[in-house]
Amino acid sequence: MNTGNRWIWNHSRSRRFFHDCGYGKGRKGEYAVVGAKICRNYLRERNYSEEQITFISELISSHSGKQRIWADIPWELVLLMEADLLDDTGAHGVVMDIWMESTEEEVSFESIRDHIARFSLKQINNNPMRTPAAREIWEKKSALVKDFYESYCRDLECI
């Protein structure tokens, strides 16, 4: 592996590890900027070059702007955005829906069904992925959400 490829591998791992580490720190909605700052400090401590630190930190601070996924942006940012979107889709998205709804004071099987419909089911209607591999994964995860939702609705009819 040449040095250039090693750098790409290392910064790929860094951005994946740090892209959401700012959750719960700072003000709501600023997690990407906070995560970039945390990553910047981590990379400095490990003697990354300033060019590498800036590039990786900018990827992390910019990854939340998913509406730009089809714009002329660095390929590494496209991949990070796709990975981030795929994280919240499929089984993980349904579990998050159930978890979020369960924090409400008045929770029921029906309210969980409605939450899944408002979030996971709505999200899968439009495949935002840019790469063929990510588009394929999105479709599989979307099918899982649809199948789960339909099965859950049938189960509720039996209760």
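Colleague: Which residues form a salt bridge with an N to O distance of 3.4 Å?

Modeller: A salt bridge is a side-chain nitrogen of Lys or Arg within 4 Å of a carboxyl oxygen of Asp or Glu. This is a predicted model, in which local features need pLDDT of at least 70, side-chain atom pairs count only at pLDDT 80 or more, and totals for chains, interfaces and linings use all residues. Residues are numbered from 1 along each chain as its sequence is written, and side-chain values use heavy atoms, with hydrogens and water left out. The salt bridge with an N to O distance of 3.4 Å joins the side chains of Lys140 and Glu136.

Colleague: In which helix do Lys140 and Glu136 both lie?

Modeller: Helices (H or I, at least four residues) and strands (E, at least two) are DSSP runs, numbered from the N terminus. Lys140 and Glu136 are four residues apart, about one turn of the helix. Both lie in residues 132–158, which form helix H7.

Colleague: Is Lys140 buried or exposed?

Modeller: Buried means under 20% relative accessible area, exposed means over 50%, and partly exposed lies in between (1.4 Å probe, protein chains only). Glu136, the partner of Lys140 in the salt bridge, has 47% relative accessibility and counts as partly exposed. Lys140 has a relative accessible area of 55%, so Lys140 is exposed.

Colleague: How many salt bridges are there in the whole structure?

Modeller: The pair Lys140 and Glu136 is a salt bridge, and so is the pair Glu50 and Arg44, at 3.0 Å from N to O. A search of the whole structure gives a total of seven.

Colleague: Which residues are linked with Glu50 in a network of salt bridges?

Modeller: The side chain of Glu50 meets that of Arg40 at 3.7 Å, N to O. Glu50 lies in helix H3 (residues 50–62) and Arg40 in helix H2 (residues 31–45), so this pair ties together parts that are 10 residues apart in sequence. The side chain of Glu50 also meets that of Arg44 in a salt bridge. The residues linked with Glu50 in the network are Arg40 and Arg44.

Colleague: What is the relative accessible area of Arg40?

Modeller: Glu50 is partly exposed, at 42%, and Arg44 counts as partly exposed, at 40%. Arg40 is also partly exposed, with a relative accessible area of 23%.

Colleague: Which residues does Ser57 touch, not counting residues up to four places away in sequence?

Modeller: Contact means heavy atoms within 4.5 Å. Ser57 is found in helix H3 and counts as buried, at 3% relative accessibility. A polar atom of the side chain of Ser57 lies 2.8 Å from the backbone oxygen of Ile53. With residues up to four places away left out, Ser57 touches Ala36 and Arg40.

Colleague: What distance separates the C-alpha atoms of His92 and Val145?

Modeller: His92 is found in helix H5 (residues 91–102) and is partly exposed, with a relative accessible area of 40%. His92 and Val145 are 53 residues apart along the chain, and their C-alpha atoms are separated by 9.7 Å.

Colleague: What percentage of the residues in the chain are buried?

Modeller: The chain has seven helices and zero strands. Among contacts with a separation of 6 or more, 54% join residues 24 or more positions apart. Of the 159 residues in the chain, the buried ones make up 36%.

Note on methods. Polar contact = N/O pair within 3.5 Å; in protein donor to acceptor, adjacent residues only side chain to side chain.
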